[in-house]
Amino acid sequence: SILAKSISAVMGILVTRYLGPGPYGDYSAAYAYAGTFILFSELGISQLMVQEGSKKPEVLPRYFGNTLFVKALLCVLCYIAMLIFMFPAGYNETVKTMIVFVGIAVCFNAIDQSVYNYYQAVQKIYISAAFQFLTTVLIALFTIVVLVAGLGVVSITFTHLFSYIIITVLLYFALRKEVKPKVDFPNMGNMVRNGLPFGVHRIFYYLFTQFSILMLSLTVTNVELGVYSAAYKLILVLIFIPSLMTSALYPILYQLGDSDRSQHQGVIEKIFKVLSAVGIAGSTLIFVLAGPLLTWLYDGKFNDSIPIMMIVTWFLALECMSFSLGDVLTTTGRQMQRTIVQGISLVLLALLIFTLVPVFGIYGAAYGVILVEIFIFFAYYVLVRKNVYKVRLWRQLPTTLVAAALMAGVAWLLYDFHPLISASVAGVVFCLVIVLIDRDFRKIGTFILERVTGGR
């Protein structure tokens, strides 16, 4: 997963610097538009299949068949909606052409995702991971061909389309001898209804991450959108960190949520402490080195993105801090409260963008994202304190803030060096300081050192 995301990040940077602000704005508009519509093809039935199929394997053929049928039907409807609404949206011809092909690509990918959910249900995650990695590699190879050939922005959409079609065909051959999906029309309605809580949560979460780009695509020029997206999408690449670090702990948290709230609180506070350190350190470092970092990554073509980056970088810190609090609600049977907060946040973000963008331009969208993330953090905090337990967060932050401040000072002193050098040295300083002054991080550091050295 980390390797695949790293490859995707590198290719994203190459595409961004290859296209430049205007074409990259068109690229971002098309993918945000198509990505938003395709979210509604997943109403939670895939997640329901995982939940029920992992407990009762005998129901999997029926759940899998219904999932594929509903998903395929919804993909067709979503694609038709994309084509209809792209005209009143006012997009230029380039974006419209891209939407036609990107829309087909995301439909194939949506079907593939349900197959990956099937492998998750039968505890063959390694197979889905292999196919997802292969998808990333194919997209990267096709993208390199496009860049080397000097083709235009529309050609890049075919890298995803061809890759997803190839993967869909390979998945068909991999599955045809393993399972025979069965469509069960009488129970399909119940499955959709039972899956909706999963689906609504997913729609709200992913729509929130893309919403600012989608709204800007309707209100600003493609150059302005490209400038905003070049900074914002770099931060989105890092947002997988909290879920990656906590995914292995979910079974434990679910058990403790039912059996021992005191231990549950202790684990959550430690998770918050570690995630906060990662997020605050990352955001601080990017804030200080935003100038040389973007100049190097984008070859000086997106220098106007530097102020945007200095704002949206705090999205990472706030997401890391709020993620563990959201997990408290999820693992103690309060998922609906988390979903409601996400829904309110989406409405709040829309209001802020409509209010701030006319005054501050694309900076208004960046400020809106951060303000809403602050709201999410405090909403989760209040809900946990009021309904679950008196979580103790603020005592977890002083050592992180001290280490981050010293790291920022070192990064500033090394500002004129290559950003990789200044970031590496400053990062080492942060790690050394936080390990020296905090017992919990000292234990983590000792554990990592023993694993690296083999206990010697």
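Visitor: How much space lies in the largest cavity, and what makes it a cavity?
Guide: The largest cavity holds about 140 Å³ of space. On a 1 Å grid over the protein atoms alone, a cavity is a set of points where a 1.4 Å probe fits but cannot get out, while a pocket is an open set with protein on both sides within 12 Å along at least five of seven lines. Grid points are joined across faces, edges and corners, and the volume is the space filled by probe spheres set on the points. By this rule, the count is one cavity of 30 Å³ or more.
Guide: A word on the source: this is a predicted model, where local features need pLDDT of at least 70 and side-chain atom pairs count only at pLDDT 80 or more, while totals for chains, interfaces and linings use all residues. Residues are numbered from 1 along each chain as its sequence is written, and side-chain values use heavy atoms, with hydrogens and water left out.

Visitor: Which residues line the largest cavity?
Guide: Among them are Phe204, Tyr205, Glu319, Arg338 and Tyr380; a lining residue has an atom within 4 Å of a point. Helices α8 (185-219), α14 (314-331), α15 (335-360) and α16 (362-387) each supply at least two lining residues. Helices here are DSSP runs (H or I, at least four residues; strands are E, at least two), numbered from the N terminus.

Visitor: How many residues of each class are in that lining?
Guide: Six are nonpolar, three polar and three charged. Ala, Val, Leu, Ile, Met, Phe, Trp, Tyr, Cys and Pro count as nonpolar, Asp, Glu, Lys and Arg as charged, and the others, Gly among them, as polar.

Visitor: What is the volume of the second largest pocket, and which helix gives the most to its lining?
Guide: That pocket has about 730 Å³ of space. Of its 28 lining residues, the closest to the centre are Leu234, Leu238, Gly282, Ile286 and Leu293. Helix α12 gives the most, with nine residues. By class, the lining has 24 nonpolar, three polar and one charged.

Visitor: Why is α8 called roughly antiparallel to α9?
Guide: The two pack at an angle of about 175°, with their axes 10 Å apart. Angles under 35 degrees count as roughly parallel, over 145 as roughly antiparallel, 65 to 115 as roughly perpendicular and the rest as oblique, so α8 is roughly antiparallel to α9. Axes are lines fitted to C-alpha atoms, for helices over the stretch in contact, and angles run from 0 to 180 degrees between N-to-C directions.

Visitor: What makes α4 roughly perpendicular to α8?
Guide: Their axes come within 10 Å and cross at roughly 75°, which makes the pair roughly perpendicular. Arg62 and Tyr63 of α4 and Phe185 and Asn187 of α8 are among the contact residues; contact means heavy atoms within 4.5 Å.

Visitor: And why is α2 oblique to α4?
Guide: The axes of α2 (residues 21-38) and α4 (residues 60-85) come within 9 Å and cross at roughly 140°, so α2 is oblique to α4. In α2, Tyr33, Ala34, Phe37 and Ile38 meet Cys75, Cys78, Ala81, Met82 and Phe85 in α4. That contact has nine nonpolar, no polar and no charged residues.
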